Each structure stands twice: as C-alpha cells, then as structure tokens.
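Please examine the sequence and the three-dimensional structure shown below.

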Amino acid sequence: MSVPYCFLRSLAPSLFTFFALLLVCTGPSLAQSAPSASPAQEVQPAGMGTANTGEAHAAVLDSEHRPITAGGFVKTGPILYQDIAKKAGLTSWTHTMGTPAKDFIIETNGSGVGLIDYDNDGWLDIYLVNGSTYDALSGKTTPPHAALFHNNHDGTFTDVAAKAGVTNDRWGVGAAVADYDNDGWPDIFVSNFGKNRLYHNNHDGTFTDVAEKAGVTLGNWSTGSTWGDYDGDGRLDLFVPGYVHYDIANQPAYGCQFRGEKVMCGPRGLKGEPDHLFHNNGDGTFTDVSEKAGVSDKNNYYGLASAFVDVNNDGKVDLLVADDSTPNYLYINKGDGTFEDDSYASGYALNENGRETASMGIAIGDYRNNGLLDIYNTVFSDDYNPLYRNDGDANFTDISYQIGIAEPTIPFLAWGDAFLDFDNDGWKDIFIANGHVYPQVDHTNWGTTWKQRPLLFHNIDGKKFDLEPAVEGTGLAQLYVGRGMAVGDLFNDGKLDVVINSLDGHPALLRNVSPDHHHWIELKLIGGPKSPRDAIGSTVYLTANGMRQRGDVFSGGSFASTHDPRVHFGLGDSTKIDSVEVHWPSGAKEKFTIPKVDQIVTLTEGKGTKM
C-alpha cells in the first residue's frame, strides 16, 4: 500500500517520520509503484535515482517558461565563474558512455575527475575518466580514452594521457588520487565497470597499471572510491564501493515507467554489488579485509561515493558511503581495525523525513567554523539535497529546510559537490554539478531538463546560504549533463576553480573570476615517517580574522572524484594568520608560523612546534 507523500507532510513531524520509516522498511517508495508485468518491468520505475522517495513536484518555470534547471538567468549580477574549457584546450576531449538513447542504466552514471599534480611541478593537472561503448567492449571499435591534461602554467592544458599510459580504455567511473606507496608521487586508482586499474606513478611522467599485482581489480561495477589510513600504520588503504551487479550480456529490459514515461530500468530491482576495503600491506599488494572490518555492505546497497574522514574528532578516519535509493552508511572507526555501523544512530542513513535518498555525491566541510565536519549529499530530482549538520560525537541533523536551502535544489538532479570558499571570506560555500539521467525529460512538462546549470550557494556567516544568481554568459548559466566534479586552485592564484566531467560531452573548466580582493593561504602537507606521505587524514585548524577554520586532507568524495589535496583557507580582509595547527594521521600535533598571506606553503611533519 502506498501513502501519498503530501498527506504525510501534513502530519506532525514525529508521526510523519514514523510513517516514512515504516514505508522504508515494509513497502514501496512513496512516489512510485512498480507495474506488475514481466520480471524486467517489476524493477522500481526510476533509474539512477528511483528513490527520490518524494512525490512529483510541480514544475518551476522562469519568466520565459523555461524549466528552472535550464533557465532562471539574470542579465546582471556578480560574475563569479567563467567556463574557459575551450580556451584552455579541454574541449579537444569528449566523454562517451553507451548510446545517446540511454536505454540502460550502465550508460547513465557518467564519470569522475581527479585533480593531481602528477609531475610534482607545483601546478594541478586534470585527469578525466571516460566511459566506453558496447562496440568498444566487444573489440569492434577503439575504446574512448581517459584524458590527463598537463597544466602548461599559462592557462592552457595538453592531453598527455597516451604518453603517460593512463588512457584506461575501459568503462570508466571514478578517480581516487593518492600516494599509496609513500614515495612522494601521487598515484591514480580508476574504478570501472569491469576490472579496475591502479596507476603507479613512475616519477618520469608515466604510470604503470599495477592493479593485478596489487589485487584490487575486482571486476564488476565499482564507483566512487576513497583512500585513507584506517588502521594508523602510516600506509593508505583503499575503499571501493560497489553499485549494481551488472551483466552487459543480460541487461534489464528497457521499458520501466517513471511519471508515466518509458525509461531505462534500475537500480531498484537489480542486485547490488558489495563494497570492498583493501588493506595496504606495504609491499605493493593489498588484502581484502571488508568482512573483518565490518564494511562489506551485506545489504547490497547501491554505493556511488565514499570518503575516509574523521567525523567525530577522535583522530581516526571514519567512512562515509553515499548509496543510491538505499540508506547511506556511516562507519565509525573503532581503532582496532574494525568499524561500527552508526548509519541510523548518527542520522546519516536517512533524510529529515526518515526516507532513504538517491545519494550521488558527498561534500565534506566545516561550514560553521566550529571544528565539526558537516556533510552535504546530492540526490535525484523531485527531492532536496540534504545538509547534515554535525552536532558532535558523530550525530547529524538534516537541516536543509531549516536553513532554507532545500527548495531550490528539488528540480535538479545533482551529482558532484563540494564545500569551497569561492570568495575567500572565510566561510565555506557549496558548489553542485547537475544533470539528468533520462533524456526523455526534455519532452515532458516536469520542470526539469537533461542538461542543467550548476548551483552555487554562498555561505552567510555560517547561518544561512544564499543561491548565487545565474548571470547570462557566465559559468553559472551554462548547461551541462554534469557528473563528476572536482575543486582546486588550477592557476595558483588563491581562487578555487571547478572542473566538471559532462556525460557525453566536453568537460567544463569554470575559472573563478570573483571580483573579491580577500586574502588567502593554501597549505601543502607532507607527512612524516608514521603518517601517509601525502598527509591524507590530516586536519588543519587555522585562526585568522577572528575565526578558527578547519580543513581536512582527503581523497574521494564528490561523485567519483578527487579535489585539490592542498588545504585552502579564505582569510577575508586579514593580512595576518594568528595560528596554524596540524593534527597529523600519526597522532602528532604541531603548530606552524606563517608570516605572510596570499601564498602556497608546504608544511612538513616534524618541522613545526610540537603541541
């Protein structure tokens, strides 16, 4: 039996939550009922985000009667981002995944972005994962290549993927960047549908795929992975979420129903793929410890993104997993090589209304500057993106409606996301890449579109977020079928730029052209002998301008992507940094003195003042 969502929303919150939880546990999703026909059609009727779990919302149109996802533009306003992908040389490359019709779910998920200084020249390069085609999988045609765009330091980039040996040539999904062998050079884990790759950096501009030797190939559908030293041995371990256990030769029949339209089927009704945690043995090999550690996903949820990060401030990295159409996971690190599943107890498994969401991406950051990491998940259209406020001790509250940022996101289907301080005022903002999974939406009156504009929420003193206007001709008014997204300072000018990997399209390079003149600092961390060399798992606290900010070094998150590993802080009008303290993965804590602002500084463990 299905209970109308509008009826539930009218109930008292506690009673609503009870009914919502009851439906999650015992019945079909609130907004859908599967047609009873062939087994293929018994799949719940909405692909990559079946469980928006809310009812269909009324279309939101702009003054020209365009859906707000591809409209709502203004003629004047702050010019914050410009898409310079063509000028930078990135549009020479195109993402390809399946066929334009998108008859099957495997064709719709898209791929990620990895920001990586692969040659250690101090400038971020861009790794773009590509998909594939059925003909390429069968050997009939040359497969699409991933791109590694080398930063030329002059605003342009050159694709060196073939020379570097990182073209992948498989059905690619994600990129997780980290120095897994502590040799001082970043490596790339590429998750695929099919066997994964682990590209080891050879220190000469080339990489070697060592996944087979390392034991991390798996072989079905891996998604947004993350690196982290979960057991404190100074070596980075690898977590790989699984999405759907999929068989190209026996794909689910096309013809499920979503809001009366015929669409591709899944993920609901399809078997989930388990998750895997690989322990780093320190000799170039890894051991699958998923079961022992308690993170194997025995529920077979549909994992899309993950991140190792310390959410309860005990110095040990915990594990977040964003699941599509099923509850999210939050695993708390117990410090003995195992994790405790606190997904429901923490409040992260479900949204405010007790509903699972179609989670795609994870943004992590301390938006209130109180030392606690908050989480922002992206979800399907007809649902809002939940902002989970960290109340301490790994307890989270979905405050999206309370803080006023829920409604604007409902028409959008969101993927990659990040907390970033785009205007360097000292408060972390939110950037979101959007794009639908059903091409059919352009022929409906649902109020959403295939290509969608990105969203940027401006943080106002940690108390609310204002949606920045989409000014005509600027990056915020461009339309993309957005998927993976990564944020970083690509031009070493102290302003955070955005790279979006667009499904079946050219990538976007949104350069930050915000007119602010605020000050900033960026910190590259180098771990000591008992920490990972690239300092993944570190937490930095910086005090300036009357605020104490927090920044964390992590690999993964967003959707299947990896951000700039350098920790960026906006300083507002302050020209002085009062203090910097680093909590290293080894457990050591140090203070550093940085006498000058507006620069990129390297901090090495053991070179500061012990706390």
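**Pockets, cavities and aromatic residues**

Strand S33 contributes 3 residues to the lining of the largest pocket, which is the most that any element gives. The structure is a predicted model, and this pocket within the model has a volume of about 550 Å³. Its lining is made up of 29 residues, among which Asn120, Pro186, Lys524, Asp534 and Pro565 lie nearest the centre. At least two lining residues come from each of strand S3 (113–116), strand S7 (171–178), strand S33 (519–526) and strand S39 (599–604). Sorted by class, the lining of the largest pocket comprises 15 nonpolar, 7 polar and 7 charged residues.

The second largest pocket holds about 390 Å³ of space. Its lining consists of 22 residues, and those nearest its centre are Asp314, Gly315, Lys316, Trp584 and Pro585. By class, the lining of the second largest pocket has 5 nonpolar, 10 polar and 7 charged residues.

Cavities form the next topic. How many cavities of 30 Å³ or more does a search of the whole structure find? The search finds 2. The largest cavity contains about 420 Å³ of space. It is lined by 29 residues, and Phe419, Asp552, Phe554, Arg566 and His568 are the closest to its centre. Two or more lining residues are given by each of strand S21 (361–365), strand S25 (414–420), strand S30 (482–488), strand S35 (547–552) and strand S36 (567–572). The lining of the largest cavity divides into 14 nonpolar, 7 polar and 8 charged residues.

For the second largest cavity, the volume is about 60 Å³. Which residues line the second largest cavity? They are His57, Ala58, Ala59, Val60, Arg259, Ser381, Asp382, Ile410, Pro411, Trp446, Gly447 and Thr448. By class, this lining has 6 nonpolar, 4 polar and 2 charged residues.

The aromatic residues may be considered next. A search of the whole structure finds 28 aromatic pairs. Among them is the pair of Tyr329 and Tyr331, which is stacked, with 5.0 Å from centre to centre and 20° between the planes. Is Tyr329 buried or exposed? Tyr329 counts as buried because its relative accessibility is 3%, which lies under the 20% cut-off. Tyr331 is likewise buried, with a relative accessible area of 2%. Elsewhere, one aromatic cluster is formed by Tyr134, Trp171, Phe193, Trp221, Tyr243, Tyr246 and Tyr302.

Asp324 counts as buried because its relative accessibility is 0%. Along the chain, Asp324 and Tyr254 are 70 residues apart, and their C-alpha atoms are separated by 20 Å.

Finally, the confidence of the prediction deserves attention. The chain has an average pLDDT of 92, and 91% of the residues score at least 70. Over residues 1–51, however, the pLDDT is below 50, although this stretch has 122 contacts in the model beyond near neighbours in sequence. Where pLDDT is low, predicted coordinates should not be read in detail.

Definitions and conventions
Residues are numbered from 1 along each chain as its sequence is written. This is a predicted model: local features need pLDDT of at least 70, side-chain atom pairs count only at pLDDT 80 or more; totals for chains, interfaces and linings use all residues. Side-chain values use heavy atoms; hydrogens and water are left out. On a 1 Å grid over the protein atoms alone, a cavity is a set of points where a 1.4 Å probe fits but cannot get out, and a pocket is an open set with protein on both sides within 12 Å along at least five of seven lines; lining residues have an atom within 4 Å of a point. Grid points are joined across faces, edges and corners, and a volume is the space filled by probe spheres set on the points. Helices (H or I, at least four residues) and strands (E, at least two) are DSSP runs, numbered from the N terminus. Ala, Val, Leu, Ile, Met, Phe, Trp, Tyr, Cys and Pro count as nonpolar, Asp, Glu, Lys and Arg as charged, and the others, Gly among them, as polar. pLDDT is the predictor's confidence in each residue, from 0 to 100. Contact means heavy atoms within 4.5 Å. Rings of Phe, Tyr and Trp (its six-membered ring) pair if their centres lie within 6.5 Å; planes under 30 degrees apart count as stacked, over 60 as edge-to-face and the rest as tilted. Buried means under 20% relative accessible area, exposed over 50%, partly exposed in between (1.4 Å probe, protein chains only).
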